[in-house]
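Trainee: Hi! Could you walk me through this one? I'd like to start with the overall layout.
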Amino acid sequence: MQVNNVSMNLSAVSSKQYPDEGYPEIALLGRSNVGKSSLINTLINRKSFARTSSTPGKTQTLNFYNIEEQLYLVDVPGYGFAKVSKKQREEFGTMIEEYLSTRNVLKGVVILVDGRHAPSDDDISMYQYVSYYHIPTLIVATKMDKIKRNQWNKSISQVNKSMQINQTDDLQLFSAETKYGKDEVWSWIEAHM
Ligand code: GDP
């Protein structure tokens, strides 16, 4: 998609605050620091629209980015940070569960994993969690510019093997540094919105 207009996000912690235009939504999830803000900024051709490196422990909200009055990209706060309290983790669980289980304009989920490492237990749990709702899912392996090309197949098999990706879901390699995979991520989003 050629993106020129992105309007400032709307933040929500509960369903009463979700936008109500009826635009399709694609949610993005991943551990803190995995490169989620960088992916969003790459998709919308901005340098720092989505805040990078969200601080663990601060108020966690769903951020809705309105893209061309056609679509919302929904930035779901990073999971799996050790520093947040049990109470914060529970609140996060409730917020994301409410969103995933009730949002009928939610058309797809993008789960980001760090291409340099085997997916963490948190990544695997998050994928299993999302799979339960039968929402089409794209796994994006980030930071591929840090890995030699001749190792890319190894990354692909590592992610496939540990996440046991369903046949109906997809895997895409990505780099915010080189923009590798940007068009493919957009194609996936456009095919699902
Ligand atoms: P978030 O916490 O998931 O939103 O992660 P950020 O987008 O803030 O990225 C975390 C760190 O990883 C930052 O220092 C980014 O510059 C870096 N980063 C993100 N994506 C890439 C990438 O594709 N390649 C490289 N080399 N670094 C990246």
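Trainee: In what order do the elements of the protein run from the N terminus on?
Mentor: This is a predicted model, and its elements run β-β-α-β-β-α-β-α-β-α-β-α from the N terminus on. The protein has five helices and seven strands.
Trainee: And how compact is the protein?
Mentor: Its radius of gyration is 16 Å, close to the 16 Å from the globule rule for 193 residues, so the protein is as compact as a globular protein of that length. Along the principal axes, the C-alpha atoms fill a box of roughly 50 × 40 × 30 Å.
Trainee: What percentage of the residues count as buried?
Mentor: That would be 35% of the 193 residues.
Trainee: Okay, new topic: α4. How many residues does α4 have?
Mentor: Helix α4 has 12 residues, 152–163. From first C-alpha to last, α4 reaches 17 Å, close to the expected 16 Å.
Trainee: Which residues of α4 are buried?
Mentor: S155, V159 and M163 are the buried ones. They sit on the same side of α4, because they cover an arc of only 35° around the axis.
Trainee: Which residues are exposed on the other side of α4?
Mentor: There you'll find N153, K154, S157 and K161 exposed.
Trainee: Back to the buried ones: what covers them?
Mentor: The cover includes the strands β5 (106–114), β6 (137–142) and β7 (170–173), along with helix α3 (121–131).
Trainee: Last one! Which residue follows α4?
Mentor: Q164 does, and its phi is positive, near 50°.

Methods. Residues numbered from 1 in each chain as written. Predicted model: local features only at pLDDT ≥ 70, side-chain atom pairs only at ≥ 80, totals over all residues. Helix = DSSP H or I, 4+ residues; strand = E, 2+ residues; numbered from the N terminus. Expected span 1.5 Å × (residues − 1). Buried ≥ 20, exposed ≤ 12 C-beta atoms within 10 Å, placed from the backbone. Arc of directions from axis to C-beta. Contact = placed C-beta atoms within 7 Å. Rg over C-alpha atoms; globule rule 2.2 N^0.38 Å.
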